[in-house]
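Here is a short report for a reader meeting this structure for the first time. Keep the sequence and the 3D view open while reading.

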Amino acid sequence: MKHYVVVGASAAGITAVGALRKLDGDARITLVSADEHIYSRVMLPLYLSGEKTLEGIGFVPPDYIEQNRVEWKRGVRATGLNASRRVLSTQEGDIEFDELLLATGAEGLLPSAEGVPGHGVLALRDLPSARAILAQLDGPVVVLGGGLTGLDAAAAFLHRGISVTVVDTAPHVLASQLCAKDAQRFADRFADKGAQLRTGASLAAVLRGGEGEVRGVRLQGGEEIPCGLVVVTAGVRPCTAWIGDPGVEVQRGVCVDEGCRTSAPHVYAAGDAIGKAMIWTFARSSGQVAAANMAGRDERLPAGTPRRNNMTYFGLSAMSAGEARVPEGGNEFYEETAAGSRRAVLKDGVLLGFSLVGDVAKGQALLSLLGAHVDDKAPFSRV
């Protein structure tokens, strides 16, 4: 009887254990995770806002572990790996395996600035950090990062009636998803709700009182913003430092081939631990591929998983996919619509990316055109 061990209980790992059970009904499956609950990290801002309970941000049925006959070592960290001996070390001792999946995800990074780290400066990445943020809420909040996670967090604080300022180094919010004009539509919605936005700005220092409490932040330009808490949403890195096995090649993340195999036999990696495409859909698909190959199949990751995002803030929706920035030698198509706008990024007649603001109904059809030749003058004519 084979023994499969999966490290990590987020999207990739949880997808993998379900797939493994379907592929091998008799196997022993062990899940090792620092997490004590199964939840969607994407939905953590809804937990922050109070709109969702812990149960409400789950993404599998409550009896998923029992139904898949998984031995779950919850709240247990992996501490090392000896791939040649097929032994995983954990806080509770060593576990021998036949096939191992590394799906430990990524961790948030704190900025390098005066007053950091310390109480009142927290990276939003997992349930413990979300709970710590709620426990330390004390007056206005500064959110570092104006991407999706940053705006999700800002919307959560506004929902609670808490004053918030978003600080982002990019020239406009949502810079990885939208052009400046469309991003401004969302910036205006946040401003209407009372949020302050500082773009093209970076943190110089976290200002503290006599007892170490956060009193505010100072930006590189000298502006000081009063606050009681700093929430960091920009900057992540794959959780790989614990591995400690030279047989497993690690660069930015764990290096894998198109079948999620690492450089060590019988060891696989999936999701954010790879450091390739840190999006939900890639985590799920890579967990599925890794599980199939652990069970003796020969599956491959889909070619060119595009970045894809959906967002809705204060009644305005948008969808973006692929490239948001126009590459050298490329061009942009942009037009206003009754509901908002639509934009395409192209090069040599090939659709590299698109965004829809207001009316997103044709987004799914447009996904199938990414990488295809379209009419430069009318790139949306085929949907």
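The model is predicted.

## Helix 1

Start with helix 1, which spans residues 11-23. It has 13 residues. From its first C-alpha to its last it reaches 18 Å, close to the 18 Å expected at 1.5 Å a residue.

How many of the 13 residues of helix 1 are buried? The count is 11, so helix 1 is largely enclosed by the rest of the structure. The buried residues run through Ala 11, Ala 12, Gly 13, Ile 14, Thr 15, Ala 16, Val 17, Gly 18, Ala 19, Leu 20 and Arg 21.

What covers these buried residues? The cover includes strand 1 (3-7), strand 2 (28-33) and strand 3 (70-74). It also includes helix 3 (64-67), strand 7 (99-102) and helix 7 (280-294).

## Helix 7 and the crossing

Helix 7 has 15 residues. Its reach from first C-alpha to last is 21 Å, close to the 21 Å expected at 1.5 Å a residue. Its buried residues are Phe 282, Ala 283, Ser 286, Gly 287, Val 289, Ala 290, Ala 291, Ala 292, Asn 293 and Met 294. They pack against strand 1, helix 1, strand 7 and strand 18 (267-269). After helix 7 comes Gly 296, with a positive phi near 95°.

Now put the two helices together. The axes of helix 1 and helix 7 come within 7 Å. They cross at roughly 35°. The crossing of helix 1 past helix 7 is right-handed.

Which residues meet at this crossing? Helix 1 brings Ala 11, Ala 12, Thr 15, Ala 16, Ala 19, Leu 20 and Leu 23. Helix 7 brings Trp 280, Ala 283, Arg 284, Gly 287, Gln 288, Ala 291, Ala 292 and Met 294.

## Aromatic rings

A search of the whole structure finds five aromatic pairs. One of them joins Phe 190 and Phe 314. The ring centres are 5.0 Å apart, with 80° between the planes, and the pair is edge-to-face. Phe 190 lies in helix 6 (residues 180-192), and Phe 314 in the loop between strand 19 (308-313) and strand 20 (316-322), so the pair ties together parts that are 124 residues apart in sequence.

Are the two partners buried or exposed? Phe 190 is buried, with a relative accessible area of 1%. Phe 314 is partly exposed, at 29%. Both residues belong to one aromatic cluster, formed by Phe 186, Phe 190, Tyr 313 and Phe 314.

## Salt bridges

Side chains of opposite charge can pair when their charged atoms come close. The whole structure holds 17 salt bridges by search. The table lists some of them.

| Salt bridge | N to O distance |
|---|---|
| Arg 41 and Asp 35 | 2.8 Å |
| Arg 237 and Glu 107 | 2.8 Å |
| Glu 213 and Arg 215 | 2.7 Å |

Take the bridge between Arg 237 and Glu 107. This pair links distant parts of the chain, 130 residues apart. Arg 237 sits in strand 17 (residues 236-238), and Glu 107 in strand 8 (residues 106-108). Arg 237 is partly exposed, at 45% relative accessible area. Glu 107 is also partly exposed, at 31%.

Arg 41 is partly exposed, with a relative accessible area of 24%, whereas Asp 35 is buried, at 11%. Glu 213 counts as partly exposed at 25% relative accessibility, whereas Arg 215 counts as exposed at 52%.

Salt bridges also form a network. Lys 181, Asp 182, Arg 185 and Glu 336 are linked in this way.

## Leu 81

Finish with Leu 81, found in strand 4 (residues 78-82). Why does Leu 81 count as buried? Its relative accessible area is 8%, and buried means under 20%.

What is Leu 81 in contact with, leaving aside its neighbours within four places in sequence? The partners are Val 87, Leu 88, Phe 97, Leu 100, Trp 242, Ile 243, Gly 244, Asp 245, Val 248 and Val 267. Val 256 is 175 residues from Leu 81 in sequence. In space, the two are 17 Å apart, C-alpha to C-alpha.

Terms used: Residues are numbered from 1 along each chain as its sequence is written. This is a predicted model: local features need pLDDT of at least 70, side-chain atom pairs count only at pLDDT 80 or more; totals for chains, interfaces and linings use all residues. Side-chain values use heavy atoms; hydrogens and water are left out. Helices (H or I, at least four residues) and strands (E, at least two) are DSSP runs, numbered from the N terminus. The expected span of a helix is 1.5 Å times one less than its number of residues. Buried means under 20% relative accessible area, exposed over 50%, partly exposed in between (1.4 Å probe, protein chains only). Contact means heavy atoms within 4.5 Å. Rings of Phe, Tyr and Trp (its six-membered ring) pair if their centres lie within 6.5 Å; planes under 30 degrees apart count as stacked, over 60 as edge-to-face and the rest as tilted. A salt bridge is a side-chain nitrogen of Lys or Arg within 4 Å of a carboxyl oxygen of Asp or Glu. Axes are lines fitted to C-alpha atoms, for helices over the stretch in contact, and angles run from 0 to 180 degrees between N-to-C directions. A crossing is left-handed if the near helix is turned anticlockwise from the far one by less than a right angle, and right-handed if clockwise.
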